[in-house]
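Please keep the sequence and the structure in view while reading.

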Amino acid sequence: MGRPKGEKSYWDGMVQKLANCGVREKIIERIEFVPDAETELYFKVADVLALPYKHIFQSGVLFLGYSFGLPVIASDVGSLKEEIVEGRTGHVFQPEDTADLRRTIEKFFAGDLYANLAERRREIHDYANERYSWSKVSAVTTEVYSRLLDAA
């Protein structure tokens, strides 16, 4: 958990590319398990949460990011696209398409979502609380069980 997957040569190549393009000093690289007690720090200092999944049904990390007001760039797999409001809470790109991922990252950093990040983070946090808060989930669950009991 928390370690690069695949061939070591691939990871070494990525590290070299970062060094060559002059952004290495802007990146916090912690390639290891991050304890729960420390995750808040990373979500609060990040500009965007990237979720380049190949396959997934749903991701709790998306909602965790939203709870910190963090915009998301995610691949169009599983239910992720349905949970992202394009341009408002993040952007979606085609899975396993590095060119589309690059374009989407560029679009994010050139767009309003990044330009007004402090304001957008508040909006994303409010959006998440409105849709995914425990009180909202409990209200929906209670309603479902009430209907089931009424139908019985």
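Helices are DSSP runs of H or I with at least four residues, and they are numbered from the N terminus. In this predicted model, helix α4 spans residues 80–83 and includes Glu83. Is Glu83 buried or exposed? Because residues under 20% relative accessible area are classed as buried, Glu83, at 15%, counts as buried. Beyond its neighbours within four places in sequence, Glu83 is in contact with Leu62, Phe63, Tyr66, Thr89, Tyr127, Arg131 and Tyr132.

The sheet may be considered next. Three strands form an open sheet in the order β1-β2-β3, with parallel pairing. Strands β1 (49–51) and β3 (90–93) stand at the edges with a single partner strand each, so one side of each is left without a neighbour in the sheet. From one strand to the next, the twist averages 10 degrees. Strand β2 (residues 72–75) runs parallel to β3 and is joined to it by four bridges. Within this pairing, Val72 has Gly90 of β3 as its bridge partner, and Ala74 stands opposite Val92.

In a regular strand, side chains alternate between the two faces of the sheet. In β3, Gly90 and Val92 point one way while His91 and Phe93 point the other way, and all are buried. Helix α5 (residues 98–110) lies across β2 and β3, and runs at about 165 degrees to β3.

Side chains of opposite charge can pair when their charged atoms come close. The model contains 11 salt bridges. One of them joins Lys8 and Asp12, at 3.0 Å from N to O. These two residues are four apart in helix α1 (residues 8–20), and therefore about one helical turn separates them. Lys8 is exposed, at 59% relative accessibility, whereas Asp12 is partly exposed, at 36%.

Arg102 is partly exposed at 44% relative accessibility, and Glu106 is partly exposed with a relative accessible area of 44%. Salt bridges with shared partners also join Asp112, Glu119, Arg120 and Glu123 into one network.

The surface also has a nonpolar patch, formed by Val140, Val144, Tyr145 and Leu148, which together have about 400 Å² of accessible area. Leu148 belongs to helix α8 (residues 134–151) and is exposed, with a relative accessible area of 52%.

Key:
Residues numbered from 1 in each chain as written. Predicted model: local features only at pLDDT ≥ 70, side-chain atom pairs only at ≥ 80, totals over all residues. Heavy atoms only, no water. Pairing = 2+ DSSP bridges. Axes fitted to C-alpha atoms, helices over the stretch in contact; angles between N-to-C directions. Contact = heavy atoms within 4.5 Å. Buried < 20%, exposed > 50% of the residue type's maximum accessible area, 1.4 Å probe, protein only. Patch = residues over 30% accessible without salt bridge, like charges linked within 9 Å, V, L, I, M, F, W, Y side chains within 5 Å. Areas by Shrake-Rupley, 256 points an atom, 1.4 Å probe, with all protein chains shown as cover. Salt bridge = Lys/Arg side-chain N within 4 Å of Asp/Glu carboxyl O.
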